[in-house]
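The sequence and the model are shown first.

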Amino acid sequence: MRIVHTIPYLIAYFLLGAYSISIQILLIREFMVILFGNELSMGIIFSAWLLAIFLGALSGAKVVSRVRHPLSLFLVWQYLLMALPHLQIALTRNLRFFLHVSPGEYVPFFSLVFSVFVVVMPFAFVIGFIFPFAVSIFPSSGIKPAHGIGQVYLWESLGSMLGGGVLVFYLILNFTPYQIIAVLMVGVFINAGVLTCEIKIPLRRRVFFLLWMALFLALAGLSAVRFWTMMENKTLCQRWHSINPHIEMLVSTDSPYQNIVVGKLADQYSMYGNGQHLASFPDPYQSAMKAHFILSQHPQPDDILLIGGGFGGLLPEILKHPVKRVHCVELDAKLLETARDYLSPEDNNALNDSRVKVFVSDGRFYVKTCSVPYDLIIINLPDPSTALLNRYYTVDFYKEIRRILKPGGLTVTDASSAENYIGPEIGHHTGSIYHALATVFPSVLVTPGESNYFFASRSSHVAIPDSTVLAERYKSRTIDTPYFSEYSFRFLLPPERVAFINRALRDFPVPYLNTDTRPISYFYNLVLWDIFSGGKQRTFFDVLGGLSWRCFFLPLGILLIIRLLYLSLKPYRSASETRFNSLYAVFSTGFAGMGLEIILIFSYQNMYGYLYQKIGLIVALFMAGLAVGAYGMNRLMDRFPKAGQTVLLGIEMAIAVFSMTLPCLLIAIFGVSGTGTSFAGEGFLMALVLVSGVLTGTEFPLVGKILIDEKITLGRAAGLVDAGDHLGASLGAAFTGTVLVPLLGIHLSSLFIATLNFISCIFIFCSLLRRRCCVGGGEVY
């Protein structure tokens, strides 16, 4: 009977988790569009989201014990949660207007941080605030209070896991954001009606039922006038107008990877992915300039691999050379499908040419698993502004490229630069690419201009700066085009500027090579982002980039010393020390959980390529681990009623050891899985994700029990645990992806996380020793 009575509450917690994760994912996608696909927004949104939950949970913990009717307030907050996402989506889509960012410009870094917090925090604050109330309203007859915390955490995690999976694999592909919000609202709204029946006071129950009916009629009316469709169309046009007001939007659609827009200006079409310009066509001059300049650098380019940009005029120009085979790799099938309706007959004919074969795959994954040798590999991708793109500019990737190049083969990539001056920002950015290539290839040639072309080969006789030889090579191929000639090489390769750019990049000091485990070019591009957006944080980034690994670990050492000195000067106080140790433990575990998840996502991308659904699977597995850990601890913690601190010490030690050994485990997995095709290797990596979630999830109910044992009320204990967990996760999200991994690399980042948790072990161990001394060797818990 008790189980039946708790079902509406468990469904409410499940829906709360599903609703929360869905809104988070939708907001990330919206920010990705207005920020041109930069993944930095993900880390900032995670950080703002988790920090807001921390503040909300902390506030809820202070308020919940003073509220006489927590169920009524829980319902009010649920109704507020139903309204907020509509405003958040609209605000995000108009954010560039509010910040007065000109079309095509980057949003300044700190303006972005402030805006994300303003948009995200109201909803996330309510999610955190409502958690102590969710625990306090849970029917507690027959179960211990600490188990109530575990139950709420378990069902919320299950909702996040399944809700995120359904959203990524189905809803996003078939519905617009406003329609998805409406679908989710229906579930929350129906459950709120059922919970209304649980209100004990008849008059209050009737009032809330009338409120529910009024909201039902309002929602029905909005649906009747197609409110969700109108809001979607209106805000979509507003977003596009803020990005490209002078270009007509013809199509806007979503794929699993990005938002795709086709725009038109006069007779020219443009393709955009997450707001970032991908290609314009017809643009015969630029297409001819790029294709003929690159292909002339190889004496006989029979077999060509083109990674990215296989449409929009480049491919027809490539086929004018005497090539035998062109393999094009495109990640997004829907992008190609959408573009085909607007391509010129020449482009469509090129895609249908018998020499051309299109592979829908991640470019990195294709190279890793490819066994076909090529004469020329063209990496036609944007700058390494994201973790996804940075994978194509690392030493590890260039080694994979070298493996599939023929002995006289050539690879080429390009990056934004400066015309006549290489300052420190541009130098770090382009210099990191140059030195990564030079580590793998004996011969690297860089061409000058606002965009540098990097030609790399095993032989110094392939790519050459001699405009006379290149002109003869091009002329011998009898190519007919009015947009390029043998005289173009003199303009593209003036000897003095070629010598300058190669000497400048070769001599530019780069402190670290750009690798998969230390994606330093990603950080350097963030510096360029600040410059291009008119930001004034150059000094901040310079200081940050110049810090050694010791500077990151020093604050942890200072924290440890200050705490130990404090304990040495104060007499032992069981309650205060236990509370501090428990909350610090849940804080460090929250940091570790988010940090390890980000490191594992980086590792998966590096090894197996960016497969969006698999990234969604990683997040779902982590959430599943949280649920398993919470469920297991809920079942086991009654077996050690007086040993909570000892068990917490064991969990913290396990997290520290797991974090410290994670890089070695990843190396072992990647070594076993060879080229990345092994399902066993992928399975082992997914198992690591699950383990990290389980270790993180075990602490939540345990720390709740410890705090309740220290005479803290149920709702306040739940709020404090939720606050500590999300504060740690917020900092983990903010630092791991944008600072720790790019500057320290995966190995030192994992060690940093391990140290943070090992300090927790020291705190708990010292308190246990002090307690044993004070009680004269009695039982320790």
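Threonine 589 touches Glu652, Ile655, Leu695, Thr696, Glu699 and Asn757, leaving out residues up to four places away in sequence; contact means heavy atoms within 4.5 Å. The model is predicted: local features need pLDDT of at least 70, side-chain atom pairs count only at pLDDT 80 or more, and totals for chains, interfaces and linings use all residues. Residues are numbered from 1 along each chain as its sequence is written, and side-chain values use heavy atoms, without hydrogens and water.

Glycine 128 is in contact with Ile53, Gly56, Ala57 and Asp722, its neighbours within four places in sequence being set aside. The C-alpha atoms of glycine 128 and glycine 56 are separated by 4.3 Å, although the two residues are 72 residues apart along the chain.

Both positions are buried, that is, under 20% relative accessible area, where exposed is over 50% and partly exposed in between (1.4 Å probe, protein chains only). Their helices are DSSP runs (H or I, at least four residues), numbered from the N terminus.

| Residue | Helix | Relative accessible area |
|---|---|---|
| Threonine 589 | α24 (residues 574-608) | 1% |
| Glycine 128 | α5 | 0% |

α28 gives the most to the lining of the second largest pocket, with eight residues.

Note on methods:
Helices (H or I, at least four residues) and strands (E, at least two) are DSSP runs, numbered from the N terminus.
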